[in-house]
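Hi everyone, thanks for coming. Let me put the structure up, and then I'll walk you through two parts of it.

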Amino acid sequence: MTEIRKDDIDRLDGMIDGASAVTIVAHTRPDGDALGSCTAMLCYLAEKRGKDAAIAFSEPYGDNISFIAPRKVRDGIFFHSLAPRETEARIAASDLIICLDCNGFSRTGNLEKALTASEAAKVLIDHHIGPETESFGLVFSRTDVSSASEMLYDILMEMPDIFGNASNLPKRSAYALMAGMTTDTNNFANSVGGGTLAMASGLLEAGVDRESILRRLYHGSRINRLNLMGYLLHENMEITPEGTAFMIIDKDIRRRFGMREGETEGFVNIPLCAARIRLSMLLTEDEAGYFRVSVRSRSGTSAARFAGRFFSGGGHENAAGGKLFFGGGITGRADAAEYIRKASAEFFMKPCKDNV
Ligand SMILES: [Mn+2]
């Protein structure tokens, strides 16, 4: 584990002190870790440092994770897809930008232009591979942590006003950090290290209500989500001879099950329950004319390389994502399935350095 450098903490502390307006950003299609880490940072800046702080996302997140941010925070979030001018004006008026759970501005979608153009001081706090360090004045980047929430926790614990004691964090920050880490580890199933458990322990002792997080995340589904899950596993999933399981949700299926944003969260992990599955994929047709692709892999197989090679994406070693665009022979579900069969065969046929 790389230690967080004391100088970097001092620099961050100084940058916060000197800032009058801070904007916090994360990757497109914000997930629990993005919302959790951004909320935690915002509440710290506002409550402990008295700063004017705001969050800007490229587009809204699913209802299933909205509980992570208190209403007051939620109401103040800028969404570029809903209010482009206000969002860009906020970014332009900020003198400090903090980028969380995202390895650079190229992952921020429609925020990218405004962020790149901004002359504010810029800080990156992230756990993905390949940080775009040149765009930032200060970089905290590690890939051996579970989540951006865990990274931010480690950083905040070093801050002079927290004294290494999670009880000194604003309550809302503590709750959001626990929720963000819980979603990124799929409730302690993936990428958990000693630091993750230390964080959980610190936050529990500080009084975080983990029960409520679990209830909201895992016991609050609508029945249609169960129906969709059953349909996908029983009728839609295909398994290639190499042990790649894939499920494809097109517009018709979305309509049939009345699917809402975020309702397929976690589905891609289920096929890995079976011993012979090495790689699991979920494709979801997006309104914008492509399939969103989620990839998960068992250790020894690289989801990141697979997503990079066949779906112009990337991510973490065992959890990655990308896109499959319509056109070039892809017109719908059947073509996408054929593309995956070939990609899987090719990927596992040349295992030498590609998927190890
Ligand atoms: Mn994350």
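Before we start, a word on terms: buried means under 20% relative accessible area, exposed over 50%, and partly exposed in between, with a 1.4 Å probe and protein chains only. What you see is a predicted model, where local features need pLDDT of at least 70, side-chain atom pairs count only at pLDDT 80 or more, and totals for chains, interfaces and linings use all residues. Residues are numbered from 1 along each chain as its sequence is written, and side-chain values use heavy atoms, leaving out hydrogens and water.

Let's begin with helix 8. Helices (H or I, at least four residues) and strands (E, at least two) are DSSP runs, numbered from the N terminus. Which residues of helix 8 are buried? They are T196, M199, A200, G202 and L203. These cover an arc of only 165° around the axis, so they sit on the same side of helix 8; the arc is taken from the directions from the helix axis to the C-beta atoms. They pack against helix 6 (148-158) and helix 7 (171-184), where contact means heavy atoms within 4.5 Å. On the other side, G194 and E205 are exposed. Just after helix 8, G207 takes a positive phi of about 100°.

Now, the metal. D33 (OD), D101 (OD), H127 (NE2) and D184 (OD) coordinate the manganese ion at 2.2 to 2.4 Å. Donors here are N, O and S atoms within 2.8 Å of the metal (3.2 Å for Na, K and Ca), and with water not among the atoms, sites may look incomplete. Both D101, at 1% relative accessibility, and H127, at 2%, count as buried.
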